[in-house]
2 protein chains.
Amino acid sequence: MATGRTHRPATRSRGIPEATVARLPLYLRALTALSERSVPTVSSEELAAAAGVNSAKLRKDFSYLGSYGTRGVGYDVEYLVYQISRELGLTQDWPVVIVGIGNLGAALANYGGFASRGFRVAALIDADPEMAGKQVAGITVQHSDDMERIIEENGVSIGVITTPPGVAQQVCERLVAAGVTSILNFAPTVLSVPDGVDVRKVDLSIELQILAFHEQRKAGEEAALTDGSSPVAATRKQSADKGPDGDVPAVMPA
Amino acid sequence: MATGRTHRPATRSRGIPEATVARLPLYLRALTALSERSVPTVSSEELAAAAGVNSAKLRKDFSYLGSYGTRGVGYDVEYLVYQISRELGLTQDWPVVIVGIGNLGAALANYGGFASRGFRVAALIDADPEMAGKQVAGITVQHSDDMERIIEENGVSIGVITTPPGVAQQVCERLVAAGVTSILNFAPTVLSVPDGVDVRKVDLSIELQILAFHEQRKAGEEAALTDGSSPVAATRKQSADKGPDGDVPAVMPA
DNA sequence: ACTTGTGAAGATATTCACAGCG
DNA sequence: CGCTGTGAATATCTTCACAAGT
């Protein structure tokens, strides 16, 4: 290509690795806690422990942001809070809409972590006319007919989808058409979006399944060690009245 | 805290990469949908599209499980559903307790994805005496005084924490002491657990912050002509950057 | 001393590209 | 042919270990 915009992968951050970006909020939370206790400086070792990572990783992460520490001393807490906040774009206000005000949507609306850090719930939207007008977390739920107007009037660029999976894709498309370019999806569906729109998904059942995988492996390891005949391995398995279930067909094609 | 997972099994079949494990539930969901539509076989290309990954990755992932496909044809849907379910440990029943029945806990209790796939909500637990006895999602909430008994009686090994952050660590410790070895943590806290206990965390505010980071970058790119404050001089490494064409359509900024 | 910042090494993950088999 | 399965190449991420500052 000779002219036009430089080809830049949408997911590539400005030199900051994605894995690092994903940890910055973690550091920020730990730093905020230190800040509230008026701790002036912190070493990479201490901060890493508070954030649950190791110190080499933390230092490497910070090195992508710049040299914000002082050798022999550590990092200035307030300064780092500011720098990370700025890097994450939290020094500005992000209006957010939540679409789908069921249990989960209500939980998110009530979630303190939203408001506390640059995010403001600009609107709650639901397709059920019964919901419209009700108050959730002190905010009046609006009907989805008004979705486009709400997004434009509030300059919303981040949308949260907490609808049933069946309507998630279509909600997503309306959000994007109205100007939303970042979506946090709680519906267990793969959303397809045009290039330039970011989607992150939070999937409760996937997390549980990953845990189950490791849990099963633990049980298997124990059984292997105790060589089958010992009852010890059996103690820590699931038990009791097995539910109806029977969901899995034991098909064995050749 | 060194998690001693440096153990490399000599047998080649049991070393499924973590990244692959994390995608298996995705494949499983896509396959289940196909199964319900009575689709008999599926190609890596089709399945990959449905799961939102690329086909090479999917085939590589499946190769860790074994050779379950047929060249020239694709994968048998029912068979794959069974194999992945087994690999993830979903052919057995996993009783789960949810601790902290606020908005989020209630949302999880009502979440259909739980029951549908090997997980059974064995108990809902809350510290508030007012909550005890109430019905949530058809299950009677029990007081946290009984946590240990409930876990032991039901053989629970997976716990979900949806409490306020202040009590999450102490709830975690009680869970672990009672026999729980896998924890899904929704509280915005770093949990410290003994070796051998798995923790996964779901953090709503972190996801939003990551979105904000990318959103900010998008906005910056639009007005990127007078930038001069970037502390990171992007030292391009070997960036021959062959055009991966085909798949990266240019998009018009809305 | 003490702790950061970082090249280099090592470990994982992703993608390519094609041999091999139905 | 078409599509899987996989070694090899690449890219990304983590950890090591120590030089460079304060």
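Colleague: Let's begin with salt bridges: how many are there over all chains?

Modeller: Keep in mind that this is a predicted model. A salt bridge here pairs a side-chain nitrogen of Lys or Arg with a carboxyl oxygen of Asp or Glu within 4 Å. By this rule, the count over all chains is 18 salt bridges. One of them joins Glu153(A) to Arg149(A), with the closest N and O atoms 3.1 Å apart.

Colleague: Where do Glu153(A) and Arg149(A) lie?

Modeller: Both sit in helix α7 of chain A, which covers residues 147-154. They are 4 residues apart, about one turn of the helix.

Colleague: And how many salt bridges run between chain B and chain A?

Modeller: The count between these two chains is 6. As an example, Glu207(A) pairs with Arg200(B), and their closest N and O atoms are 2.5 Å apart.

Colleague: How much area do chain B and chain A bury between them?

Modeller: About 7800 Å², with 63% of it on carbon and sulfur atoms. Chain B brings 88 residues to the contact and chain A brings 86.

Colleague: How are the two copies related?

Modeller: A turn of 180° with a shift of 0.0 Å along the axis puts chain B on chain A with an RMSD of 0.1 Å. The copies are therefore related as by a two-fold rotation axis. Also, 77% of the interface residues of chain B are interface residues in chain A too, so the copies meet through the same surface.

Colleague: How should I read a pocket?

Modeller: Rolling a probe the size of a water molecule over the atoms shows where empty space is left. Here, the second largest pocket has a volume of about 770 Å³.

Colleague: Which residues line the second largest pocket?

Modeller: There are 36, and Arg29(A), Tyr111(A), Pro165(B), Ala187(B) and Pro188(B) lie nearest its centre. The largest share of the lining, 9 residues, comes from α1(A). By class, the lining has 18 nonpolar, 13 polar and 5 charged residues.

Notes
Residues are numbered from 1 along each chain as its sequence is written. Chains are lettered from A and ligands numbered from 1 in the order in which they are written. This is a predicted model: local features need pLDDT of at least 70, side-chain atom pairs count only at pLDDT 80 or more; totals for chains, interfaces and linings use all residues. Side-chain values use heavy atoms; hydrogens and water are left out. Copies are superposed by least squares on the C-alpha atoms of residues with pLDDT of at least 70 in both. Contact means heavy atoms within 4.5 Å. On a 1 Å grid over the protein atoms alone, a cavity is a set of points where a 1.4 Å probe fits but cannot get out, and a pocket is an open set with protein on both sides within 12 Å along at least five of seven lines; lining residues have an atom within 4 Å of a point. Grid points are joined across faces, edges and corners, and a volume is the space filled by probe spheres set on the points. Helices (H or I, at least four residues) and strands (E, at least two) are DSSP runs, numbered from the N terminus. Ala, Val, Leu, Ile, Met, Phe, Trp, Tyr, Cys and Pro count as nonpolar, Asp, Glu, Lys and Arg as charged, and the others, Gly among them, as polar. Buried area is the accessible area (1.4 Å probe) that two parts lose on being put together, summed over both.
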